[in-house]
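Hello,

Here is the structure I promised to pass on. Please open it first, then read my notes below with the view beside you.

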Amino acid sequence: GISQSTSEQWHYLIQRLYTYKPTKIVMHIGTNDIFHTAIPNETDQNKRSAYVIESLKTLFADVHKNLPNTTIYWYSIENRLGSGYANITAQCLPTINREIKAFADANSYLYYLDSTSIIDDRPSISADSSGYFRDDVHLNAYGYDVLESLLPINAVSKNLNYSGNVN
């Protein structure tokens, strides 16, 4: 993903890839949808979750429609620890991840990569710890190592070493 981008924005951003006809696309998106959706002031977390689920499903289906020979790998959404994030993500994540996993199970072009069960099984961390986040929102090198380890060996043609500059 791109820092602060949402799946709704990716409907347009990903069109740049269509001319290249990639065989694989790896996505780590959805967190920003929880906070920056068309209903940002929504307090009903079920409605917020439903919006995110529908937006992600629509994105995946659109990509498949335009790139029918492309496999999509999607990392589940991990909980964020920041004071403004933790309660909302904790309420929304189980539903969103469960529904997208079911959607992936029903669509052979989409693979659900369960980063949540690894990254969320961690002690309380801070930006300078050896946890998986460099702050309360963005993954650090250890977090990106987890994501890389979840990709099937044939998903990428080169090593995706984390450079330290990804937002």
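**The aromatic cluster**

Start with three rings: F60, W74 and Y112 are linked into a cluster by ring pairs. Keep in mind that this is a predicted model. The chain holds three aromatic pairs by the rule used here. In one of them, the ring centres of F60 and W74 are 6.2 Å apart and the planes stand at 65 degrees. Edge-to-face pairs need an angle over 60 degrees, so this pair is edge-to-face. It links distant parts of the chain, with F60 in helix α4 and W74 in strand β2, 14 residues apart.

W74 also pairs with Y112. Here the centres are 5.8 Å apart, the planes make 45 degrees, and the pair is tilted. This pair, too, links distant parts of the chain: W74 sits in β2 and Y112 in strand β3 (residues 110-113), 38 residues apart.

**The overall layout**

The chain has 167 residues, and 42% of them are buried. It forms seven helices and three strands. In sequence order the pattern runs α-α-β-α-α-β-α-β-α-α. Take the contacts with a separation of 6 or more: 66% of them join residues 24 or more positions apart. The accessible surface is about 9,200 Å², and carbon and sulfur atoms account for 49% of it.

**The cores**

In soluble globular proteins, nonpolar side chains tend to be buried together. The largest nonpolar core here has 28 residues. Which of them touch the most other members? They are M27, I34, F60, V63, W74 and I96. Two members of the ring cluster, F60 and W74, are therefore on that list.

β1 (24-27), α3 (31-35), α4, β2, α5 (86-106) and β3 each supply at least two residues. α5 gives the most, with seven.

Leaving out residues up to four places away in sequence, I96 touches I34, S49, V52, I53, L56 and I77. Another core lies apart from the largest one. This other core has ten residues, including F133, L139, V146 and L151.

**Helix α7**

V146 brings us to helix α7, which spans residues 141-150. Buried in this helix are G143, Y144, V146 and L147. Why do they lie on the same side of α7? They cover an arc of only 150 degrees around the axis, which puts them there. Their cover includes β2 (71-75) and α6 (116-119). Look also at the start of α7. There, a side-chain oxygen of N140 comes within 2.9 Å of the backbone nitrogen of Y142.

R48 is in helix α4 (residues 45-66). Is R48 buried or exposed? R48 has a relative accessible area of 4%; buried means under 20%, so R48 is buried. A polar atom of the R48 side chain lies 2.3 Å from the backbone oxygen of I34.

S7 is in helix α1 (residues 7-13). S7 counts as buried, at 0% relative accessibility. Its contacts, not counting residues up to four places away in sequence, are I29, D33, S55, L56 and L59. S7 and E54 are 47 residues apart along the chain, yet 9.9 Å separates their C-alpha atoms.

K21 lies in the loop between α2 (15-18) and β1. K21 is exposed, with a relative accessible area of 60%. What is its phi? K21 has a positive phi of about 50 degrees, although K21 is not a glycine.

**Where to look**

Begin at the cluster of F60, W74 and Y112. Move on to I96 and its contacts, I34 and I77 among them. Then turn to α7 and its buried residues, including Y144 and L147.

Best regards

Note on methods. Residues numbered from 1 in each chain as written. Predicted model: local features only at pLDDT ≥ 70, side-chain atom pairs only at ≥ 80, totals over all residues. Heavy atoms only, no water. Buried < 20%, exposed > 50% of the residue type's maximum accessible area, 1.4 Å probe, protein only. Helix = DSSP H or I, 4+ residues; strand = E, 2+ residues; numbered from the N terminus. Arc of directions from axis to C-beta. Contact = heavy atoms within 4.5 Å. Polar contact = N/O pair within 3.5 Å; in protein donor to acceptor, adjacent residues only side chain to side chain. Phe/Tyr/Trp six-rings, centres within 6.5 Å; stacked < 30°, edge-to-face > 60°. Core = buried A, V, L, I, M, F, W, Y, C linked by side-chain atoms within 4.5 Å. Areas by Shrake-Rupley, 256 points an atom, 1.4 Å probe, with all protein chains shown as cover.
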